[in-house]
Amino acid sequence: MSKAPYTIIGNSAAAVGAVAGIREVDPDGPITLIAKEPHHTYSRPLISYLLGGKVDESRMPYRPPDFYEKNNVRAMLGVEVTRIDADKRCIETADGTSIEYDRLLIAVGGTPIVPLDVTGTDAEGVFTFTTWDDARHIQRYIETHEVTRTVVIGGGLIGLKSVEALVELGITTTVVELADRILSVTFDQTASDLARRSLEKAGVGVRCGTTVERIRQQGGKVSGVVLRDGTELACSMVIFAVGVVPNTRIVNGEAIETDRGILVDDCQRTSVDGIYAAGDVAQAADMLSGQKRPIPIFPNAYRQGLVAGNHMAGGNRRYEGGLAMNAVDICGLKTISVGVTVADDDGYEALTSLDEDTAVYKKIVLKGDRIVGAIFVGQIDRAGIITGLIKNAVSVSGFKDLLLTEHFGLISLPSEYRKHVVSGTGIEI
Amino acid sequence: MKRIIAREEYCLGCRLCEIHCLVQHSKSKKLIKVFRSEERRAIVPGVQVEQSGQVSFAIQCRHCDEAPCIEACMTGAMHRDPDTGAVICNQDKCVGCWMCIMVCPVGAIRSGDERHVASKCDLCMGEEVPVCVANCPNEAIICEDDDE
Amino acid sequence: MLKKWLVQPDFIVERDPEKCIQCQVCVRQCANDVHEYDEDEECVFSDGSNCVGCHRCATLCPTGAIQIKNAPLEFRANSSWTPGLLRDAYKQAESSGVLLSGMGNPQPYPIYWDHMLLNASQVTNPSIDPLREPMELLTYLGRKPDSVASDGASGSASLATKIEPQLELQIPVMFSAMSYGSISLHASIALARAAKETGTFGNTGEGGLHKDIAPYGGNMIVQVASGRFGVDVDYLNAGAAVEIKIGQGAKPGIGGHLPGEKVDAAISATRMIPAGTDALSPAPHHDIYSIEDLRQLIYALKEATRYAKPISVKIAAVHNVAAIASGIVRAGADIVAIDGYRGGTGAAPTMIRNNVGIPIEFALAAVDSRLREEGIRNQASIVVAGGFRCSADVVKAIALGADAVYIGTAALVAMGCHVCQKCYTGKCNWGIATQDPYLTKRLNPDVATRRLVNLLKGWAHEVKEMMGGMGINAVESLRGNREHLRGVGLTDRELSVLDIKAAGE
């Protein structure tokens, strides 16, 4: 097999972004794409919608069926890469094949964490929830064993999305969170409380400040869990949604530098020439702090892939840094969070407005005269304007008092900033 | 490609653009019928007028060359129409995750459609002139063609 | 404030509930607070007491749900005390003030244009088709020499006579003087632009020359009125011609009046008066008390403009207009502009507007005849104004002897005016006769310019059609050619003053 100029390991947001990035510069150069999962590129975040029955399998694909063909991509799906040999410039697959590469992109995403200190995880009915197949397995288990009660370990985004899916299926669910509040990474106490209220209104049990120590089984199948404080919860299924870590197993032992993820520069290059990394597996700079840390968010992954692909093909895109951001609908409560959301240290200023009755909360976090973070609960339209102000590091001193008003919009911004948007083709600074 | 531009010095804040956008994207496309039915609250117009005192302008999707919403969309519902170059939301594919709303620097995408999907300007696909442009009484909204 | 009980609404506003979609466009567009949205009832209510009949709401309503009708309160039939006169008396009883009006004389005096009919070719002197044959509408305004001499060998003659400065018009229609102040800047700019695009001229009125209009100076006549607002040497040289305004048709004998509400910072700068003060122009120019004084001013202006621009003198049509015009021509004016009693205004006392002055038809006929009798018709062009509503009026005026016609009201109508006659309130809903920035936004100068150009284009084509029908292909052949006019429903005396034959003769 002839050596393709571009080889991508992975098939999700970063990989698809990379294909787009390559094709921006090189419309023809063949691309080889190798992915462990046998599916056409699909939208990972949709798995909770699939489980909950909000979408069916036909809506899972992330790109049209002719995506690979149209982009001259040779897709090797269902093939697991076991090793990268940087010296020989080739990768080895599980079935022993060796594939030479010219420029390589590692976009293998993250793996779910299963805490080692929980006993009983070998029982049937214990799942992690990150892939399409996970959703299928869970669906099958629910049907076969007529599951009525579940415990979800982890009150973060993945945990709550799985909770929502289970609620859709009418399954009584309890979510167990180690931190003192759910969504502790993305939300402050107020927002977290509103989210919790929404869950509890939907009949979900929420337990914070504790975790599962032991999973009980009966006849080899899950029958309940025991929390750290000794409380027992009966259930027939457990889902681990504690988090994902970058899947760096593939580069273990190789010369490619890693920290928590594969370290990359602003062109998505790793420490080894010709090898790039993008997406949840990579560790790139945070836009606000400048520090490198993994920010496993869908739009960041796509953008990193775009930059990587573009650069692999000889373009000159740069990654401007990742921004932590999430949009999640929690049992009907719309929420968006961006950047630094908890303003504990000095030097940060938080502006907030809260209406408990309608569960509408708005928070803007400022550092000096620039916005560095925001939370929107209940009313989320136009949140992107704030995201834009964060990204472009716009000074808000002239209109700080308008930020929380109900009709905050482009009209609140100085006309110099918005004129390109209203009368032109986009925001320019 | 066509670009819609609003000139705030001529905008009256009359909101006829919003009305016509709503009707254009309704089922019956009949003005009185739409407004007397529940459809009026079920659909969200792609163009909305921002107003503060005497300053006002209509704002809709910019159909950006580098569209952050397309990058953020996790289902692939946001895509670029190859013929017109417009950024279109395939509302059948959209699940209402609101990532697009989170990243749109213009705030041009809205939730609120009763189907729980994202709503935004689609350049009135299939029409010669977008209806907001055609119906602005003071020609505050105009359509320019990049290619010309 | 005690309610003024005797003053009742002039209009009622009817809303068709089947068509109204509660979109509130009418609420947002009415400057007189006629429409209001009630949050509790979720419904728009209309109170006609403040309605001025400008039709802004009805025009913008997307479903055509609004009708504006004259208030149906009917009085017992009375030809002497008409409803209008009754209302005027009520208003004065409640206020003691002078009745004010905007726009031109609406009284039912006979309109003599409508009593004149044009000729057409039949068997001999065949018609000319304007779409196939060249038609000349080109018009020159200015002093024409008494005789023309040429020099040079036969076969290559050149003009030896020095020709006085002329204005070249592509069409014998110009925009009448409407001051920036009485109308909005957008309206003024639109008039200037349309004049340039069409190849004719606009007139600054007594408002001075705003800097945004200065680029169009080559197509503007700058006016020197009795208040001398905005007049300095740069102003005089910025225009293509200078017009001394002695009077205007809507209010002969009195000066101009711009209420202080309409004098904002921009007006103040352009007119060179303090903001917020009434801009009152005195009735006479206080340096013109005789015809010799006028001659002195005319030549002072010629000196200031280095004899490069025609000087026009504008007067209202009054009883001795022929003698006055003759004096003006002999005083050295290159153009005499006569404004008949139908002329419009932004604000005038109603009594004067409705009762003072004479119809332009008679004034024109009298002036043209007198100047010809005295052998001085060539020394000045005659421009007429005051109630020209359509291209037929223009053709008739030229046939009666006019060189060109000024249109004021017609131009405003083209821009959207609905002649509600409330210009003096400064709340013009169409953005024309107002300085309120919220209202002036409504007149997009691009759109207004386009509409004005369209109007002139349409009229130019119609004039050509009528001329072609008469077998004429140049407006020069129509000018002063009263043979092309016949009168209907006119007395012998009227026919004789107009110096036209009766139909059938």
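A residue is taken as buried if 20 or more other C-beta atoms lie within 10 Å of its own, as exposed if 12 or fewer do, and as partly exposed in between, with C-beta atoms placed from the backbone. The model is predicted, so that local features need a pLDDT of at least 70 and side-chain atom pairs count only at pLDDT 80 or more, whereas totals for chains, interfaces and linings use all residues. Residues are numbered from 1 along each chain as its sequence is written, and chains are lettered from A, with ligands numbered from 1, in the order in which they are written.

The model scores ipTM 0.94 and pTM 0.87.

Contacts between residues are defined by C-beta atoms, placed from the backbone, that lie within 7 Å of each other. Two pairs of chains are in contact, and of these chains A and B share the most contacts; no contact joins chain A and chain C, whose closest C-alpha atoms are 16 Å apart. The contact between chains A and B takes 36 residues from chain A and 33 residues from chain B. Helices (H or I, at least four residues) and strands (E, at least two) are DSSP runs, numbered from the N terminus. On the side of chain B that touches chain A, at least two residues each are supplied by β1 (2–6), β2 (48–52), β3 (55–59), α4 (68–72) and α5 (99–103) of chain B, with the largest share, four residues, coming from α5(B). By class, this side of chain B has 18 nonpolar, seven polar and eight charged residues, where Ala, Val, Leu, Ile, Met, Phe, Trp, Tyr, Cys and Pro count as nonpolar, Asp, Glu, Lys and Arg as charged, and the others, Gly among them, as polar.

Helix α5 of chain B also takes part in the surroundings of helix α8 (residues 383–391) of chain A, which is mostly covered, nine of its nine residues being buried. The buried residues of α8(A), among them Ile385(A), Ile386(A) and Lys391(A), pack against β22 (325–330), β23 (333–339), β25 (360–367) and β26 (370–377) of chain A together with α5 of chain B. Just after α8(A), a positive phi of about 50 degrees is found at Ala393(A).

A nonpolar core is a set of buried Ala, Val, Leu, Ile, Met, Phe, Trp, Tyr and Cys residues joined through C-beta atoms within 7 Å. The largest such core has 325 residues, and those with the most contacts inside it are Cys100(B) and Ile338(C); its largest share, nine residues, comes from helix α14 (residues 445–469) of chain C. Leaving aside residues up to four places away in sequence, Cys100(B) touches Cys69(B), Ala72(B), Cys73(B), Met78(B), Ile109(B) and Ala118(B).

According to an automatic or database domain assignment, chain C is divided into domain 1 (11–97) and domain 2 (174–282 + 292–303 + 311–473). The centres of these two domains of chain C, taken over C-alpha atoms, are separated by 32 Å, and ten residues of domain 1 of chain C are in contact with eight residues of domain 2 of chain C. The side of domain 1 of chain C that touches domain 2 of chain C has four nonpolar, four polar and two charged residues.
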